[in-house]
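Have a look at the sequence and the 3D view first, and then we'll start with one side chain.

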Amino acid sequence: MMLSANRRGERWEVELDERKKKILNAIIRNYQETGEPVGSRTISKYSDLQLSSATIRNEMSDLEEMGLIVQPHTSAGRIPTDKGYRLYVDQMLETADREAGRQELAQTSDFLIERMDRMERVLKQMAKVLATNTNYASMISAPRYNRNKLKFIQLSRVEKHKILAVVVVEGNLIKNSIFEVEEELSEEDILSLNLLLNTNLNGLTIEEINLGIITKLKEQAGSHTEVVGKVLDAVAEAIRTDDDELQIYTSGATNIFRYPELSDSGKAKEIIQVFEEKQQLTNLLTDKLGEEGQQGIQVYIGNETPVQSMKDCSVVTATYDLGDGLQGTIGIVGPKRMDYEKVVSTLQTVMGQLDTMFKKEE
């Protein structure tokens with residue numbers, strides 16, 4: 001059986017028969033539960049395998065040669081490598097039942113819908129629910145408009161050579177910009193420019209305001225090209241969402257201490273510091289929102305993790321979408337031996353619940 005995995009531009013292929021696949025899965029599941037290296041005798045106790053310890057040792061040797069498991073020290077059992085986890089997760093994502101785990105949070109969801117009437121309170125509570133439900137650390141970003149569209153531009157003269165540009169974008173976010181111009185604009189000029197700008201730009205995202213549109217605007221503006229250029233700068237600034245404005249709610253950072261491989265004082269301190277300072281989380285979640293084609297569930301194992309201090313962890317992220325470009329990101333951080341199936345199932349459930357909650361609040 002030829003199984004291939006792709007991650008962040010990398011490609012590799014591993015040939016696994018059904019027996020090797022079952023043994024690899026058994027090693028990973030046992031290690032997830034215990035955190036201890038897994039030996040052949042432990043695997044032989046799995047009733048569906050019915051293999052001798054000698055046969056299992058031979059298969060484990062093959063898996064080790066493939067780079068899927070490793071023996072941490074002599075006479076110890078085996079533990080999964082990042083490559084082994086990656087193969088396991090990719091298989092799991094392909095076959096995961098999207099309805100699994102929906103009942104686990106149903107009662108909590110009903111409670112939230114009934115009791116939480118503000119988005120901030122809902123997200124804070126949901127972060128706590130995720131941390132409690134998974135026993136890992138959780139993070140949720142407040143929803144914001146991704147690929148904001150321009151709704152309206154209003155130019156007005158505040159002084160002889162000063163113009164006020166009021167830019168309204170999706171979500172009725174308003175930003176004002178005052179800039180100086182060399183020419184003195186009449187009220188008729190201002191009216192014409194307002195008409196020109198709104199006719200050509202309304203409903204566009206910053207990515208859609210391309211060179212062709214800009215050239216056309218400046219040609220039609222005639223002698224007022226300086227004003228058009230400065231208005232376009234103001235539009236770009238209004239549509240762009242600053243990373244500092246992203247609100248992130250976290251919970252369960254101290255769950256890291258539950259796992260011996262992460263509870264080393266140095267490692268745990270670095271991870272918890274990331275959750276406290278939040279800037280690296282902001283960068284991580286902002287990147288997820290900005291990646292085209294990455295709007296589903298993403299699993300980052302070990303060195304794949306974008307945050308340097310989380311290289312001994314796995315990070316699972318999911319983008320929830322409330323419609324009209326309003327999106328946010330949910331993330332779970334835990335050990336590499338995390339229960340991926342439960343985490344993925346829980347995130348799928350939460351994504352749907354957030355959508356339902358906020359639609360009910362509209």
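The side chain of S138 reaches over to the backbone oxygen of A127, at 2.6 Å. That is a polar contact: a pair of N or O atoms within 3.5 Å, where, within protein, one must be able to donate a hydrogen and the other to accept it, and residues adjacent in sequence count only if both atoms are side-chain atoms. S138 itself sits in strand 5. Helices here are DSSP runs of H or I with at least four residues, strands are runs of E with at least two, and both are numbered from the N terminus.

Is S138 buried or exposed? It counts as buried, because its relative accessibility is 0%. The cut-offs are under 20% relative accessible area for buried and over 50% for exposed, with partly exposed in between (1.4 Å probe, protein chains only). Skipping neighbours within four places in sequence, S138 is in contact with a list of residues including A127, L130, Y249, F275 and I332. Contact here means heavy atoms within 4.5 Å.

A quick word on what you're looking at: this is a predicted model, where local features need pLDDT of at least 70, side-chain atom pairs count only at pLDDT 80 or more, and totals for chains, interfaces and linings use all residues. Residues are numbered from 1 along each chain as its sequence is written, and side-chain values use heavy atoms, with hydrogens and water left out.

Now zoom out. The protein has twelve helices and 13 strands, and buried residues make up 48% of its 362 residues. Take the contacts between residues at least 6 apart in sequence: 61% of them join residues at least 24 apart.

Next, the rings. Rings of Phe, Tyr and Trp (its six-membered ring) pair if their centres lie within 6.5 Å; planes under 30 degrees apart count as stacked, over 60 as edge-to-face and the rest as tilted. By this rule there are three aromatic pairs. One of them is Y85 with Y340, a tilted pair with 5.9 Å centre to centre and 55° between the planes. Y85 lies in helix 4 (residues 82-95) and Y340 in helix 12 (residues 340-361), so the pair ties together parts that are 255 residues apart in sequence. Y85 is buried at 2% relative accessibility, and Y340 is buried too, at 1%. Ring pairs also link Y85, Y88 and Y340 into a cluster.

A ring can also have a charge over it, which takes NZ of Lys or CZ of Arg within 6 Å of the ring centre and within 35 degrees of the ring normal. R337 does this with Y31, lying over the face of the ring at 5.8 Å from its centre.

Then there's the backbone. Most residues other than glycine have a negative phi.

| Residue | Phi | Place | Relative accessibility |

Last stop: D233, found in helix 9 (residues 225-239). D233 counts as exposed, because its relative accessibility is 55%. How far apart are D233 and S177 in sequence and in space? They are 56 residues apart in sequence and 9.5 Å apart in space, C-alpha to C-alpha.
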